[in-house]
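Please open the model in a viewer and follow the selections below in order. Each stop names what to select and then describes what is found there.

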Amino acid sequence: MPLSGDLLRLADAVLFPGFAGHTPPDWLRRRLGEGLAGVALFSRNIADPAQVARLTAALRAENPSVLVGIDEESGEVTRLEVATGSSRPGGYALGVVDDVVLTEALARDLGGELVAAGITLDFAPSADVNSNPDNPVIGLRAFGADPVLVSRHTRAFVRGLQSAGVAACAKHFPGHGDTSVDSHHGLPVVADGIEDALLPFREAIKEGVKAVMTGHLLVPSYDAELPATLSPKVLTGLLREELGFEGMIITDGIEMAAVAGAYGIGGASARAIAAGADAICVGGERADEATAAGIRDAIATAVTQGLLPEERLADAARRVRELASWAASSGSQASRDGSVGLAAARRAIRITRRSTAPVLPLTSAASVVELAPVMNLAIDRNTPWGVGQPLARLLPGTMVTRLEVGDTTGSALERLLGEATGRPLVIVVRDVHRHAWQEQALRHLLSARPDAVVVEMGLPERSDLGAVHIATYGSARVCGQAAAEVLTGRL
């Protein structure tokens, strides 16, 4: 049976597809003119702020009420600043500082930048409680491991962002923090009770957060069979009825293996709407017309087959329209404070001195060894990070070597040690506790150079490494700058 045009338009009214390029492709322009709800921007769509503003203006020329969403958490997960690294630290650094006034100011500053670029929906903040230090996908994106601390900073971030006229989106409901599986690749299971994990979402709802993003997580205490994104018990029973959320529920990237693996992208999309989601986000891995058309058709077909009540689809489209109306009337050119991000990064630095020798400040050109793990898919692999480059600007002649897994052979490390003779040695790691190869390389280097400085740009599970240990709680550009200032005595 052919699908009716009205039903296809209704299905389009809940979709946020991705696309390729710095300008809207013809298929996207056409679909926007026919009522497509929104789009999700990724690094592939971004060259510079002026280009993004032109892009979003072109989108609104086709559909003035289009919602433009982006993953701009600050810190590791940045899209607007993917070419340079973020000018703001991420959530964990803000939690370490634990100044809600600062968190709100940083989020307001970010909101001002998003508004100027024509972006109306930010898939932030991460309201996850990172209670599992081995978590491969949340980590520094969370405000911390204490649910009360995470709650107050989630509220502050939501206040700041929405005061600038950008809708905040608390994620990943009902909490991705206590997991050890990356939902891009598999289905994480949250085995224990989730009351602590729910607290930041309860507080975000009290703060008036406009959107909540689902996590592709199995929560057996609520639903032993279906992941949260596809579970009526979690989305309707828990989020809507128990927690009282009335805003827009949007899925995490629907092409992720945790949900699409079992049902396909279209099948997962239809089931998510039926479960209580209002919008489907097609994440960074699929950006073609066929994917967007396939999801639309699958949702419409689910209505004709009785899997998805048309009333539920219409209700979802209504909630998306309501958010679009709020965004259209709430944007403001908030005053910008370009210094707030660096100030926050400086305040987050924690230093542990383990030597009585005067290791710092460094006064001569150093050797810097950066150990670079493969990051999860939420973090663009092309985003610059590290301490070497900012340190080289402060200490000209500094040598920087970056090693990945497989590069840290004994001979390679001995060569670097030889090159570092007579120079201060700085070793930069990211989540060293999660990567055995980093631990082994670090042990090798420190056995020969116990006077070396260790800079941890991930989660510092240990601070007893190196003559001086510097924890930045993030690898954003400003975190590297702050670490370089500490190394040279400027901070």
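This is a predicted model: local features need pLDDT of at least 70, side-chain atom pairs count only at pLDDT 80 or more; totals for chains, interfaces and linings use all residues.

Colouring the lining of the second largest pocket by residue class gives 9 nonpolar, 6 polar and 7 charged residues.

Next, turn to the largest pocket, which holds about 470 Å³ of space. Select Phe42, Arg79, Gly284, Leu377 and Ala378; of the 27 residues in the lining of the largest pocket, these lie nearest the centre. By class, that lining comprises 10 charged, 9 polar and 8 nonpolar residues.

The last stop is a pair of helices. Two packed helices are described by the angle between their axes and the distance between the axes. Select residues 26-33 for helix H2 and residues 49-62 for helix H3; the two pack at an angle of about 45°, and their axes are 7 Å apart. This angle makes H2 oblique to H3.

Which residues of H2 meet Ala58, Leu59 and Glu62 in H3? Show side chains on H2 to find them: Leu28, Arg29, Leu32 and Gly33. Taken by class, the contact of H2 with H3 consists of 4 nonpolar, 1 polar and 2 charged residues.

Notes. Residues are numbered from 1 along each chain as its sequence is written. Side-chain values use heavy atoms; hydrogens and water are left out. Axes are lines fitted to C-alpha atoms, for helices over the stretch in contact, and angles run from 0 to 180 degrees between N-to-C directions. Helices (H or I, at least four residues) and strands (E, at least two) are DSSP runs, numbered from the N terminus. Angles under 35 degrees count as roughly parallel, over 145 as roughly antiparallel, 65 to 115 as roughly perpendicular and the rest as oblique. Contact means heavy atoms within 4.5 Å. Ala, Val, Leu, Ile, Met, Phe, Trp, Tyr, Cys and Pro count as nonpolar, Asp, Glu, Lys and Arg as charged, and the others, Gly among them, as polar. On a 1 Å grid over the protein atoms alone, a cavity is a set of points where a 1.4 Å probe fits but cannot get out, and a pocket is an open set with protein on both sides within 12 Å along at least five of seven lines; lining residues have an atom within 4 Å of a point. Grid points are joined across faces, edges and corners, and a volume is the space filled by probe spheres set on the points.
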